[in-house]
Amino acid sequence: MSEEKPKLLVVEDDPGLQAQLKWAWEDFDVVIAGNRAEALAALRSDAPDVVTLDLGLPPDPDGTSEGMAVLDEIMALKPATKVIVASGHGARESALQAVARGAYDFYQKPVDIDALGLIVRRALQLARIEEENRKLAAKAGKEERVLGSLVTGAPEMIKVARTIERVANTSVSVMLLGASGTGKELLARGLHDASDRAGGAFVAINCAAIPENLLESELFGHEKGAFTGAVKTTEGKIEQAEGGTLFLDEVGDIPLQLQVKLLRFLQERVIERIGSRKSIAVDTRVVCATHQDLEAMIADGRFREDLYYRLAEIVVKIPTLAERPGDATLLAKVFLGRFAQEMNPAVRGFAPDALAAIDAWGWPGNVRELENRVKRAVIMADGKLVSALDLDLSEPDGEEASALNLKSAREMADRKIIRHALARSEGNISSTAKLLGISRPTLYDLLKQYDLHA
Ligand SMILES: Nc1ncnc2c1ncn2[C@@H]1O[C@H](COP(=O)(O)OP(=O)(O)OP(=O)(O)O)[C@@H](O)[C@H]1O
Ligand SMILES: [Mg+2]
């Protein structure tokens with residue numbers, strides 16, 4: 001990424017001064033606003049570090065009420081912004097009042113560009129130092145909370161967590177790809193918590209769970225009377241995520257015509273509610289997830305490629321539970337502890353047959369399935385230990401009985417034993433092969449044949 005010029009927002013209603021100020025700064029990217037609404041829209045969309053603010057704005061060009069109101073709103077929305085107010089001749093009083101309300105400094109009109117330049121650059125420098133400090137403080141204080149609810153001992157998953165932590169404080173869009181129950185939402189929340197937007201809202205929307213005809217309004221909001229049933233003006237999820245993170249779950253389920261509208265938002269960062277032409281700037285970090293094969297959907301024309309690239313600046317693939325050797329038993333113990341405490345304190349742990357069954361199971365529903373089974377087992381357990389029967393995992397017999405021929409029965413047994421060995425040797429091929437009493441090449445062949453992963 002190339003070094004971007006710092007943004008300077010100039011709030012000034014006099015067209016002559018606007019022009020003069022616009023071109024006075026070579027090293028700034030200058031944005032001009034002529035009134036309160038424009039100033040606040042620019043604040044949201046451009047996030048300037050420094051603002052110069054004329055206190056005499058319409059509808060009160062000769063007083064300071066409108067300028068002060070703008071100042072108050074900037075301080076409420078983005079308190080770290082450095083605002084430099086312009087005071088008219090002899091209006092030192094109001095300038096000082098502005099500083100008391102949070103302005104960084106003031107300058108005297110008529111404007112002396114060189115003098116103002118010094119103030120602006122100093123303000124920018126201070127803003128940068130403060131931001132740096134905020135980031136450092138956040139990092140130092142959050143080490144423990146970062147992805148704090150994620151339980152894993154598997155290198156595959158630790159790598160995923162590290163990636164999430166690393167991208168958290170950038171603004172790149174992140175796409176989480178993983179089968180159902182692998183922890184997509186947990187990771188999306190973890191990303192939000194680890195980011196500098198943690199103070200804002202985390203707003204999740206499951207695009208597959210909302211009927212197509214309601215999804216647009218759910219995302220973009222609507223004005224009162226925009227359609228039958230729109231009895232009051234309602235903010236959409238995108239707007240609700242202002243200053244925070246928007247999590248678009250099952251993004252592959254967004255219908256094509258809505259994909260266009262979403263793309264527009266991602267490009268321009270403004271939305272219009274249904275039934276309104278007013279553009280509303282929204283500053284939010286977008287994280288999305290899907291279990292679908294978006295590349296195949298793009299090839300079939302069911303998902304827009306341009307939208308894909310906007311959403312997937314970073315793609316994080318989440319391994320299935322079966323691909324994280326050892327994690328099933330680890331997670332099971334954590335869940336057991338949690339649920340026992342809540343629902344059945346007599347339960348102390350797993351019986352050995354239960355742990356073996358957990359280790360051997362394929363977990364098609366991943367962590368969600370594991371969590372549900374352990375919860376049910378804890379509730380059902382009679383004694384101190386949860387058994388395989390409590391977990392409803394003792395049916396391999398049934399599975400084997402239904403295998404009508406010897407070949408498929410043997411395959412099933414092979415799979416199970418290989419998975420066991422992989423889990424026990426933490427995915428190490430040599431030790432797995434040794435455990436199984438076969439050579440490494442044979443193990444590789446079997447892994448390939450059964451589509452298993454070390
Ligand atoms: N590594 C983990 N450590 C602890 N809890 C986890 C982990 N992964 C998932 N969970 C828990 O498992 C459940 C399912 O996770 P989550 O909802 O994040 O998955 P998902 O991929 O969004 O699933 P779905 O596709 O069903 O929406 C949640 O209760 C979550 O807290
Ligand atoms: Mg989910």
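This is a predicted model: local features need pLDDT of at least 70, side-chain atom pairs count only at pLDDT 80 or more; totals for chains, interfaces and linings use all residues.

Me: Which residues of helix 10 are buried?

Reply: L258, Q259, L262, L263, F265 and L266. Looking down the axis of helix 10, those buried residues fall within an arc of 160°, so they line one face of the helix.

Me: And what comes just after helix 10?

Reply: R269, which takes a positive phi of about 60°.

Me: Switching to the open sheet: what's the strand order?

Reply: It's 2-1-3-4-5, five strands with parallel pairing. Strand 2 (29-33) and strand 5 (105-108) are the edges, each pairing on one side only. From one strand to the next, the twist averages 20°.

Me: How many bridges join strand 1 and strand 3?

Reply: Four, between residues 7-11 and residues 50-54, in the parallel sense. V11 has L53 of strand 3 as its bridge partner.

Me: Which strands does helix 4 touch?

Reply: Helix 4 (residues 92-100) packs on the sheet against strand 4 (82-87) and strand 5, and its direction makes about 160° with that of strand 5.

Me: Last one, N344: buried or exposed?

Reply: Buried, because its relative accessibility is 15% and the cut-off is under 20%. N344 sits in the loop between helix 13 (327-343) and strand 15 (349-350).

Me: What does N344 contact, leaving aside neighbours within four places in sequence?

Reply: F339, V378, I379 and A381.

Definitions and conventions. Residues are numbered from 1 along each chain as its sequence is written. Chains are lettered from A and ligands numbered from 1 in the order in which they are written. Side-chain values use heavy atoms; hydrogens and water are left out. Helices (H or I, at least four residues) and strands (E, at least two) are DSSP runs, numbered from the N terminus. Buried means under 20% relative accessible area, exposed over 50%, partly exposed in between (1.4 Å probe, protein chains only). Contact means heavy atoms within 4.5 Å. The arc is that of the directions from the helix axis to the C-beta atoms. Two strands pair if DSSP finds at least two bridges between them. Axes are lines fitted to C-alpha atoms, for helices over the stretch in contact, and angles run from 0 to 180 degrees between N-to-C directions.
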